[in-house]
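Here is a short briefing to read with the model open beside you. Take it topic by topic, and keep the viewer handy.

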Amino acid sequence: MDAGSTREEIVRAADRLFHEGGYDHTAFSDIAAAVGISRGNFYYHFKAKDEILAAVIARRAADTRAMLARWEAAWTDPAARIRAFIHILLAHGDSILRHGCPVGTLCQELAKLGHAAQPAAAGIFTLFRDWLARHFALLGRAADADALALHLLARTQGVATLAVAFQDEGFLRAEVALMEAWLAEQAQGDSPPCS
């Protein structure tokens, strides 16, 4: 394995382990074992855990941008694009039920730790918020597009949190259906942002 692919494997493994067990509870040795490399080889790529965290956040942000671009390429209708965002809960339902939203759980943990990387992690939510606001504006809701975006983002985070707490896939599916109905109301333009 060349240096670039080893580094990418480390970041991929760290991303998974931070989501599954938390940033604070994941050690260098856990990541090295997951990749199957020695600690010496590991330290060649990353000298500090914060360097790995920065790489994980950068990877998640890049993956988010790529996903948003795929949705824009797949659908021309802004409501269909927003629906794709809602469907993240179903597309990643198993992972969400086991570990929660990877962005939400990392942001919460870093905030509790008072970690300097928390704003960078929260930047991924900003990518979603700005993208959703743009699409609500395209739906004809420019006046309250940001409020609608923030409401939907908050609702999906709440659903993810409660789905983990209650281990209830039925709840997850029912909430997705309710969010789809809410989206249809917003597209009509006569509903308040938080109905």
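A salt bridge is a side-chain nitrogen of Lys or Arg within 4 Å of a carboxyl oxygen of Asp or Glu. By that rule, Glu8, Glu9, Arg12, Asp15, Arg59, Arg60 and Asp63 are linked in a network of salt bridges. The model is a predicted one: local features need pLDDT of at least 70, side-chain atom pairs count only at pLDDT 80 or more, and totals for chains, interfaces and linings use all residues. Residues are numbered from 1 along each chain as its sequence is written, and side-chain values use heavy atoms, with hydrogens and water left out.

**Overall build**

- The protein chain has eleven helices and zero strands, where helices (H or I, at least four residues) and strands (E, at least two) are DSSP runs numbered from the N terminus.
- Along the principal axes, the C-alpha atoms of the protein chain fill a box of roughly 60 × 35 × 30 Å.
- Of its 195 residues, 45% count as buried; buried means under 20% relative accessible area, exposed over 50% and partly exposed in between, with a 1.4 Å probe and protein chains only.

**Salt bridges**

- The whole structure holds 13 salt bridges.
- One of them joins glutamate 8 to arginine 59, with the closest N and O atoms 3.0 Å apart. This pair links distant parts of the chain, since glutamate 8 is in helix α1 and arginine 59 in helix α4, 51 residues apart.
- Glutamate 8 is partly exposed, at a relative accessible area of 32%, whereas arginine 59 is buried, at 19%.
- Which residue forms a salt bridge with glutamate 72 at 4.0 Å between the closest N and O atoms? The partner is arginine 81.
- Glutamate 72 counts as partly exposed at 25% relative accessibility, and arginine 81 counts as buried at 10%.
- Glutamate 72 also meets the side chain of arginine 134 in a salt bridge (2.4 Å, N to O). Arginine 134 lies in helix α9 and glutamate 72 in helix α4, so this pair ties together parts that are 62 residues apart in sequence.
- Arginine 134 is partly exposed, with a relative accessible area of 40%.

**Aromatic rings**

- Rings of Phe, Tyr and Trp (its six-membered ring) pair if their centres lie within 6.5 Å; planes under 30 degrees apart count as stacked, over 60 as edge-to-face and the rest as tilted. The count comes to eight aromatic pairs.
- One of these is the edge-to-face pair of phenylalanine 28 and phenylalanine 42, at 4.9 Å centre to centre and 70° between the planes. Phenylalanine 28 lies in helix α2 (residues 28–35) and phenylalanine 42 in helix α3 (residues 39–45), so the pair ties together parts that are 14 residues apart in sequence.
- Both phenylalanine 28 and phenylalanine 42 are buried.
- Phenylalanine 42 and phenylalanine 46 have ring centres 6.5 Å apart and planes at 45°, so that pair is tilted. Phenylalanine 46 is buried, as is phenylalanine 42.
- Ring pairs link Phe28, Phe42, Tyr43 and Phe46 into a cluster.
- The charged end of lysine 49 sits over the ring of tyrosine 23, 4.4 Å from its centre; the rule asks for NZ of Lys or CZ of Arg within 6 Å of the ring centre and within 35 degrees of the ring normal.

**Pockets**

- A pocket is an open set of points on a 1 Å grid over the protein atoms alone, where a 1.4 Å probe fits, with protein on both sides within 12 Å along at least five of seven lines; lining residues have an atom within 4 Å of a point.
- The largest pocket holds about 710 Å³ of space, a volume being the space filled by probe spheres set on the points, which are joined across faces, edges and corners.
- Its lining has 31 residues, and Met67, Ile88, His92, Pro102 and Val103 lie nearest the centre of the largest pocket. Helix α4 gives the most to that lining, with seven residues.
- The second largest pocket has a volume of about 170 Å³. Its lining includes Phe18, His19, Arg60, Pro102 and Lys112.
- Helix α8 supplies the largest share of the lining of the second largest pocket, six residues.
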